[in-house]
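Dear colleague,

I am passing on the structure we spoke about, and my notes on it come after the coordinates. Please read them alongside the model itself.

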Amino acid sequence: MSASITAPARSAGRLVFAAFVLLALLVWPLLVENVFYQRVGALVMLAALSASAWNLVGGYAGQISIGHVLFFGCGAYASLLGFTWFEWPPIMGAPFGIALSLLLAVLVGLPTLRLKGHYFSMATIALAELARIIVVNSPSLGGGVGISGPAIPRSMADLSFISPLPYYYIFGAVLAVLLLFTWWMGRARMGFYLRAIRGQERAARSLGVPAQRYKLYALLVSAGFTSLAGSLYAAMVGFVDPDSGLGILLSVKMVIVSALGGAGTLFGPLVGAAILVPLEEFTNAAFGGDGTGITYVVYGAIIMLISRYAPGGLAEILARLKAWGARHAR
Amino acid sequence: MTIGRRPLLAAPALLLAGRAFAQGAAQGTPIKVGSLMPLTGVAASAGNSAKAALELAVELINTPQPDLAAMPLMATAGFPAIGGRPLQLVMADQQGNPSVAQNQALRLITQERVVALTGAYQSGLTLTASAIAERHGIPFVNGESVATNLTERGFQWFFRTTPIGPDIAAIYMEFLQQVRVGGRPVAKIAIVNENTEYGTSIADVIRRTAEGRGVSIALQIPYAANSADVSAQVLQLKEAQPDVVIFISYTSDAILYARTMRAQGYRPPVLIGDNSGFSDDSFVQSAGDIAQGLINRSAFDASRPGSNAFKINALYKTRTGREMDDTTARIMQGFLVACDAINRAGSTQPAAIQAALRATDLKPEQLIMGYRGVKFDAKGQNINASVLLVQLRGRDYVSVYPADTATAQLELPYKGWE
């Protein structure tokens with residue numbers, strides 16, 4: 001069946017589908033009057049944003065970082081320290097968070113990107129934990145207690161809204177920029193280089209791919225966007241402490257969200273976030289009183305199922321279904 | 001569809017109503033009060049103790065309890081000023097995460113339509129969750145978080161019943177003043193504190209309060225929590241010979257200090273162990289015998305038969321098999337204050353409940369905590385929150401200060417293992 005459809009028609013069909021999805025993403029929060037659902041929507045966008053940023057390094061370049069919370073924390077802390085020290089609107093700290101993240105990405109990337117496989121993962125875990133321990137022991141950074149943003153919004157610039165809708169659209173807009181970049185990168189030289197590195201780094205190097213440099217580029221873009229996600233998170237929640245801003249669970253969540261949807265695919269992280277975040281919120285709401293902890297059971301099961309049966313995530317399952325469909329259509 | 005479903009829905013309601021009628025319990029649509037607690041994560045055990053205590057509170061409010069008639073809402077069923085409607089508790093798990101605390105606060109307010117919120121245990125989470133309540137104009141009553149800044153935010157809907165750092169420092173200073181009047185020297189004070197948030201902040205506030213009263217802290221020894229060895233710190237104390245030593249430690253360190261002091265034969269004349277590690281039952285069981293006469297703070301004294309605290313603790317014990325601890329009791333007190341305000345408001349309108357909270361003036365005999373009362377200042381802090389001092393006798397703490405609520409005589413100097 002599908003073989004008889006011509007290529008232009010197929011890409012037009014895809015365009016219509018994409019336009020439909022985009023429209024649905026833009027409009028649904030306006031149709032749903034329930035603020036809790038709207039907030040869950042905003043959280044989906046935020047999780048998709050940080051997971052998509054992780055995806056550049058972990059998915060496309062195949063360098064599994066489990067320390068990305070380091071950059072998230074830079075963004076979150078920069079925002080709220082800007083407020084604590086200078087009374088800035090939290091979002092004004094974002095450029096400083098990004099600058100610090102880029103600096104750290106270079107410092108972290110130069111030595112650790114030489115490491116392969118799980119050595120890179122372990123190095124990133126160690127660095128993120130180091131940052132957390134430093135913050136816990138620094139009273140000027142809020143220590144173990146954490147720091148907060150403006151208690152009562154002073155102006156629009158504080159990005160403190162009663163309705164979750166503005167957050168949804170702000171997070172969504174940043175995500176759109178990141179996805180556009182990722183889409184462009186996938187088709188540009190950088191995307192080919194990264195995929196070659198992920199496939200077989202030694203072979204890529206022998207063909208003249210400047211592997212070290214391109215891995216670092218990917219890490220820089222990834223760190224910048226992760227940091228921005230952290231700043232936006234801080235602006236919405238108005239509080240960060242070492243666990244919520246630099247805890248290892250956040251790094252793990254970025255990995256799981258990407259892996260569920262399909263690491264190394266453009267929309268994988270968004271799909272993963274759209275499934276996991278509501279699941280987490282609704283199981284908590286449904287079992288809040290009694291069967292608590294079910295969220296973690298679900299997380300564990302997802303990790304096991306994906307790593308055993310579909311390391312490529314839902315994208316892989318979809319591709320397999322298509323292949324199965326094509327075989328049986330004949 | 002709807003018509004078909006009604007009898008099905010009505011059946012359990014009728015059953016409930018029948019049961020309620022038989023027990024003389026509250027009737028009508030329940031009034032919902034939300035509570036955010038850590039039911040999973042590192043603080044889950046505290047959250048689950050709180051859950052048991054709050055469920056007990058709901059049961060006591062919804063059925064007449066002549067035995068507890070001194071406390072508001074206990075003699076009657078439900079909220080007598082709102083047509084006897086029953087109370088319903090809606091618990092939510094905040095998972096120890098500030099963002100989840102906000103999500104759950106929002107869910108309780110917009111989905112469950114709670115009329116007031118309580119919680120959320122950790123100060124950081126109380127901070128974020130109460131910001132949501134503030135924006136939605138829903139009263140938030142906290143009974144347990146001690147971070148000073150919570151009531152410095154200019155919030156209109158936030159109320160806190162627990163004593164905070166300055167209250168704790170004040171009682172130590174008043175107590176030492178009395179000891180001095182009693183004829184013992186207290187001029188040389190040493191503080192030994194673990195170096196994270198808890199130890200640092202309490203040590204700081206004690207130092208500032210002492211200096212404000214013209215007393216200087218002679219020696220402060222910060223140490224890393226969960227130390228393997230504290231003999232250097234004990235030697236330092238032994239050499240300095242302070243009149244008073246105040247420890248601010250978690251459980252494992254508290255036990256280690258008691259053992260090291262025994263090993264080195266060091267006993268200061270007055271030894272104070274600040275709540276946390278020293279209140280833990282495992283400290284009392286494993287080091288209590290060598291720390292006789294240790295002075296500790298608490299605001300919950302269940303040792304006096306006939307008191308509200310004694311009765312509530314007994315009910316809690318039959319329910320859970322455990323003694324109610326200070327933190328759980330403070331959480332329960334915050335919840336009870338919120339419920340009392342709802343009843344006095346005579347309505348489920350948020351503004352009426354806010355006004356009732358502002359007018360709260362509960363007396364000591366109406367409380368389970370050993371506070372001087374509950375009355376909020378303009379910032380929402382309970383100005384009558386106070387702390388009791390207790391002393392270790394055998395394996396029990398007995399209340400020794402202030403004198404009017406004490407159940408036993410203060411015994412000095414510190415005995416340790418003798």
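This is a predicted model: local features need pLDDT of at least 70, side-chain atom pairs count only at pLDDT 80 or more; totals for chains, interfaces and linings use all residues.

Residues are numbered from 1 along each chain as its sequence is written, and chains are lettered from A and ligands numbered from 1 in the order in which they are written.

Chain A has 14 helices and two strands, these being DSSP runs (H or I, at least four residues, for helices; E, at least two, for strands) numbered from the N terminus. Its C-alpha trace spans about 65 × 50 × 40 Å along the principal axes. Of the 330 residues of chain A, 45% count as buried, meaning that 20 or more other C-beta atoms, placed from the backbone, lie within 10 Å of the residue's own.

Towards chain B, 24 residues of chain A are in contact with 25 residues of chain B, where contact requires C-beta atoms, placed from the backbone, within 7 Å. The elements of chain A that give two or more residues to this side are helix H2 (35-60) and helix H12 (268-287).

Within chain A, helix H3 (residues 69-86) packs against helix H9 (residues 211-237) at an angle of about 45 degrees, with their axes 6 Å apart; axes are lines fitted to C-alpha atoms over the stretch in contact, and angles run from 0 to 180 degrees between N-to-C directions. Among the residues that meet are A:Phe71 and A:Phe72 in H3(A), and A:Leu228 and A:Tyr233 in H9(A).

Notes
A residue is buried if 20 or more other C-beta atoms lie within 10 Å of its own, exposed if 12 or fewer, and partly exposed in between; C-beta atoms are placed from the backbone. Two residues are in contact if their C-beta atoms, placed from the backbone, lie within 7 Å.
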